[in-house]
Amino acid sequence: MLGRDAALAATNAGHVVSALDHNDLDVADAEAIAARFDRDRPDVVINCAAWTDVDGAEEAEEQAMAVNGTGAGNVAAAAAAVGAKVLYVSTDYVFDGHKESPYVEVDEPAPQSAYGRTKLAGEEATAAANKRHFVARSSWLFGIAGPNFVETMLQLATAHGEVLVVRDQVGSPTYTWHLASGIVRLIEGTTYGIHHMAAAGACSWYDFAREIFDQAKVECNVLSGTTDMLARPAPRPAYSALDTQRESPILLPSWRDGLAGYLAQRQTEREAA
């Protein structure tokens, strides 16, 4: 989802892009990555590879760590060996959610889930392996090229006319095209380190669902629930909105603007199909 948008955004910005998926290159295979980078000699590597099944990671933390943690270190080390910058995409789930204002780059991570722990491990492995690194933390991604909350809501509305959504988790829903464009701007500079790069503003999943149906002009009854009611395997941060303290930050549009962009892109692609 993010990888496709990142490749397109970088191409549009005039870069020569080699977009590799899991079938082309497994980030858990350090030797294969080193050989590929030695052959291609990239200037910059954007690591969008991730185990993103938050609940599944609770029972498969070792497998998630192989991708999100160890794999990230493999990518960063191979990039360093050929003199390339590296960017690692991370998550708001590295925080515990106890703060009542948006998290900034200097806030101390305290992941509560296996997924969050493996992503924090990836941040640390990337930083340790490559001095010329960027860590771009984002939040609640949605985009055309993969399963996402917006599409799930629209499908449930069509099938059932009613949805139950939690109201006690707050974050910053981020359109992958906006994030991809921000990432490309980031890699063109040298402001290494951690960057918070999520949509402006914050909302609950319940508020997000209501806005989805409002913008899509879809009739659906939205019921609000609590995290405890859904009893998901992995704990989620109650509040994980992101903000930045960077002097010259790359700011993304609001989550509402991101949703409007997604729905417009979705309509265009459906009409072209």
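## How α2 and α4 cross

In this predicted model, helices α2 and α4 cross in a right-handed way. If you want to find them, α2 covers residues 30–40 and α4 covers residues 61–81. Their axes lie 9 Å apart, and the angle between them is about 30°. Angles under 35 degrees count as roughly parallel, so α2 is described as roughly parallel to α4.

Which residues of α2 and α4 make the contact? From α2 come Ala30, Ile33, Ala34 and Phe37. On the α4 side, the partners are Asn74, Val75, Ala78 and Ala79. Sorted by class, this contact of α2 with α4 has seven nonpolar residues and one polar residue, with no charged ones.

## A closer look at Arg36

While you are looking at α2, pick out Arg36, which is found in this helix. Leaving aside residues up to four places away in sequence, Arg36 touches Ser18, Leu20 and Leu25.

## Where α6 meets α8

Now move along to a second pair of helices. Helix α6 spans residues 149–160, and helix α8 spans residues 205–216. These two pack at an angle of about 65°, and their axes are 10 Å apart. Because angles of 65 to 115 degrees count as roughly perpendicular, α6 is roughly perpendicular to α8. The crossing of α6 and α8 is right-handed.

Which residues bring α6 and α8 together? In α6, look for Phe149, Val150, Met153, Leu154 and Ala157. They meet Trp205, Phe208, Ala209, Ile212, Phe213 and Ala216 in α8. By class, the contact of α6 with α8 has 11 nonpolar residues, no polar ones and no charged ones.

## The second largest pocket

Let's finish with some empty space. Rolling a probe the size of a water molecule over the atoms shows where such space is left. How much space lies in the second largest pocket? The answer is about 190 Å³.

The lining of this pocket is made of 16 residues. How do the lining residues divide by class? There are 11 nonpolar residues, four polar ones and one charged one.

Methods
Residues numbered from 1 in each chain as written. Predicted model: local features only at pLDDT ≥ 70, side-chain atom pairs only at ≥ 80, totals over all residues. Heavy atoms only, no water. 1 Å grid on protein atoms, 1.4 Å probe; cavity = no way out; pocket = protein on both sides within 12 Å on 5 of 7 lines; lining within 4 Å. Points joined across faces, edges and corners; volume = space filled by probe spheres on them. Nonpolar A, V, L, I, M, F, W, Y, C, P; charged D, E, K, R; others polar. Axes fitted to C-alpha atoms, helices over the stretch in contact; angles between N-to-C directions. Helix = DSSP H or I, 4+ residues; strand = E, 2+ residues; numbered from the N terminus. Parallel < 35°, antiparallel > 145°, perpendicular 65-115°, else oblique. Left-handed = near helix turned anticlockwise from the far one by under 90°. Contact = heavy atoms within 4.5 Å.
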